[in-house]
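User: I have not looked at this protein before. Could you take me through it?

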Amino acid sequence: MKRYLFMAMIMGTAIAMAFCLIHPFNSSLAASDELGPLSSGFVFEPTLAIPSSHASTVCQAPDGSILCAFYGGSAEAAPDVKIYLARLEAGKWSAPEAAVDTPGKPEGNPVLFVAPSGKLRLYFVTIHGFGWNWAKIKQTSSADSGRTWGPIETLRDKRGWMIRNHPVVLRDGRLIFPMYSENKWCSEFMVSSDGGESWRFLSETCSRPGNIQAALAELEDGTLYATMRVGGKGGNLWEARSSDRGETWEGPTRMELPNPNAGTDMIVLGSGDLLLAFNNDDRKRTPLSLALSSDEGRTWSIKDVETGKGEFSYPSLCQASDGVIHLTYTYKRETIKHLAFTEDWLR
């Protein structure tokens with residue numbers, strides 16, 4: 001194991017050196033034509049310290065800036081992997097800074113979330129062993145929009161539980177946090193009635209060959225709607241609905257939308273429509289696409305974002321207070337890419 005991780009770090013460094021020479025990354029956002037998005041660009045340029053990155057999360061901080069967190073290091077699950085944070089202000093991303101670093105232990109799957117109180121929270125996992133099934137869910141919070149962070153606490157000490165998508169604030173004030181098990185390959189939902197200060201088990205939904213990384217939305221009538229990544233070789237996304245605020249679930253059932261066993265994200269737009277980001281293929285993590293639904297997930301219209309060769313995966317979505325939608329995603333495991341657009345462009 002130690003030999004593998006050492007080799008991964010050496011290879012990652014070599015790749016980073018070559019990569020920086022041949023790829024003209026630009027961390028500032030270039031304006032596009034009238035038919036294009038508002039802006040598109042890379043969050044950062046790969047460095048010797050961060051030759052590989054994955055699993056970004058995006059949100060609008062309480063001060064109005066856009067934040068992007070991700071995990072990066074020599075390779076996924078290597079002991080040097082940290083949680084990094086970058087900030088978008090005045091059209092340019094700041095250099096990533098380490099927000100979480102447990103010495104000798106890999107970090108993963110950050111989730112940024114602004115609680116109803118206005119407190120910014122950063123959830124993530126730390127591997128305490130030999131892979132994701134040894135992970136524990138942790139959290140920290142910030143009172144200054146992510147410029148400094150408080151003590152790290154363990155949210156869930158039970159080994160093998162993971163997070164990927166953001167919690168959702170329901171109309172009744174409760175928070176629902178989708179989680180999943182690397183051991184059981186089931187989706188689970190935790191609930192908080194005190195703004196995220198404490199959490200308790202609410203429900204789970206399972207299928208064969210397993211479903212994880214639920215993306216959650218509350219529909220107009222209060223129904224909870226979840227889309228999920230499926231295990232094995234993938235093939236399609238799965239979906240489930242709850243008419244009793246997450247206590248029980250109908251499903252999961254197979255969707256028509258394809259998916260290669262890869263992460264997704266979904267939000268409710270200001271218009272009330274659903275926006276889903278996913279890999280529109282049954283085997284490959286390309287293309288990366290956006291799907292819009294005006295009938296609560298029954299039908300979808302699709303717009304491609306990336307169609308080239310390589311991996312474009314693990315999207316994260318948020319809609320800022322000015323209506324602009326922000327999408328971040330893994331770009332070939334080399335950096336994180338950002339796209340900003342309006343609902344008009346989406347349509």
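User: How many residues lie between S25 and S26 in their hairpin, and what is the phi of Gly323 in the turn?
Analyst: This is a predicted model. In it, strands S25 and S26 form a hairpin with five residues between them. Gly323, in the turn, has a positive phi of about 90 degrees.

User: How many bridges join S25 to S26?
Analyst: Six bridges join them, and the two strands run antiparallel. Gln319 stands opposite Ile325 in S26.

User: And how many residues of S25 are buried?
Analyst: Strand S25, residues 312–319, is mostly covered, with seven of its eight residues buried.

User: Let us move to the rings. How many aromatic pairs are there?
Analyst: The count comes to ten aromatic pairs. One of them is formed by Phe42 and Tyr331, whose ring centres are 4.8 Å apart with 75 degrees between the planes, an edge-to-face arrangement.

User: Where in the chain do Phe42 and Tyr331 sit?
Analyst: Phe42 is in strand S2 (residues 39–42) and Tyr331 is in strand S26 (residues 325–331). They are 289 residues apart, so the pair links distant parts of the chain.

User: Are Phe42 and Tyr331 buried or exposed?
Analyst: Both Phe42 and Tyr331 are buried. Together with Phe312, they form one aromatic cluster.

User: Why is the pair of Phe341 and Trp345 called tilted?
Analyst: The planes of Phe341 and Trp345 stand at 50 degrees, so the pair is tilted; the ring centres are 4.9 Å apart. An angle under 30 degrees would count as stacked and one over 60 as edge-to-face.

User: Why do Phe341 and Trp345 count as buried?
Analyst: Buried means under 20% relative accessible area. Phe341 is buried because its relative accessible area is 0%. Trp345 counts as buried because its relative accessibility is 16%.

User: Which rings do Arg156 and Arg159 lie over?
Analyst: Arg156 lies over the face of Trp161, at 4.0 Å from the ring centre. The charged end of Arg159 sits over the ring of Trp134, 4.1 Å from its centre.

User: Another arginine, then. Where is Arg87 found?
Analyst: Arg87 is found in strand S5, which spans residues 82–89. Arg87 counts as buried because its relative accessibility is 10%.

User: What does the side chain of Arg87 reach?
Analyst: It makes a polar contact with the side chain of Ser65 at 2.9 Å. The side chain of Arg87 also reaches the backbone oxygen of Ser145, at 2.9 Å. Leaving aside neighbours within four places in sequence, the residues in contact with Arg87 include Asp63, Ile66, Trp93 and Arg147.

User: A loop next: where is Gly131?
Analyst: Gly131 is in the loop between strand S9 (120–127) and strand S10 (135–142). With a relative accessible area of 18%, Gly131 is buried. The C-alpha atoms of Gly131 and Pro106 are separated by 9.2 Å, and these residues are 25 apart along the chain.

User: Finally, the whole chain. How many helices and strands does it have?
Analyst: The secondary structure comes to two helices and 27 strands. Of the 347 residues in the protein chain, 58% are buried. The chain exposes about 14,600 Å², and carbon and sulfur atoms supply 52% of that area.

User: What share of the contacts with a separation of 6 or more comes from residues 24 or more positions apart?
Analyst: Such residues account for 47% of those contacts in the protein chain.

Technical notes:
Residues are numbered from 1 along each chain as its sequence is written. This is a predicted model: local features need pLDDT of at least 70, side-chain atom pairs count only at pLDDT 80 or more; totals for chains, interfaces and linings use all residues. Side-chain values use heavy atoms; hydrogens and water are left out. Rings of Phe, Tyr and Trp (its six-membered ring) pair if their centres lie within 6.5 Å; planes under 30 degrees apart count as stacked, over 60 as edge-to-face and the rest as tilted. Helices (H or I, at least four residues) and strands (E, at least two) are DSSP runs, numbered from the N terminus. Buried means under 20% relative accessible area, exposed over 50%, partly exposed in between (1.4 Å probe, protein chains only). A charge sits over a ring if NZ of Lys or CZ of Arg is within 6 Å of the ring centre and within 35 degrees of the ring normal. Contact means heavy atoms within 4.5 Å. Accessible areas come from the Shrake-Rupley method with a 1.4 Å probe; for residues, only the protein chains shown count as cover. A polar contact is a pair of N or O atoms within 3.5 Å; within protein, one must be able to donate a hydrogen and the other to accept it, and residues adjacent in sequence count only if both atoms are side-chain atoms. Two strands pair if DSSP finds at least two bridges between them.
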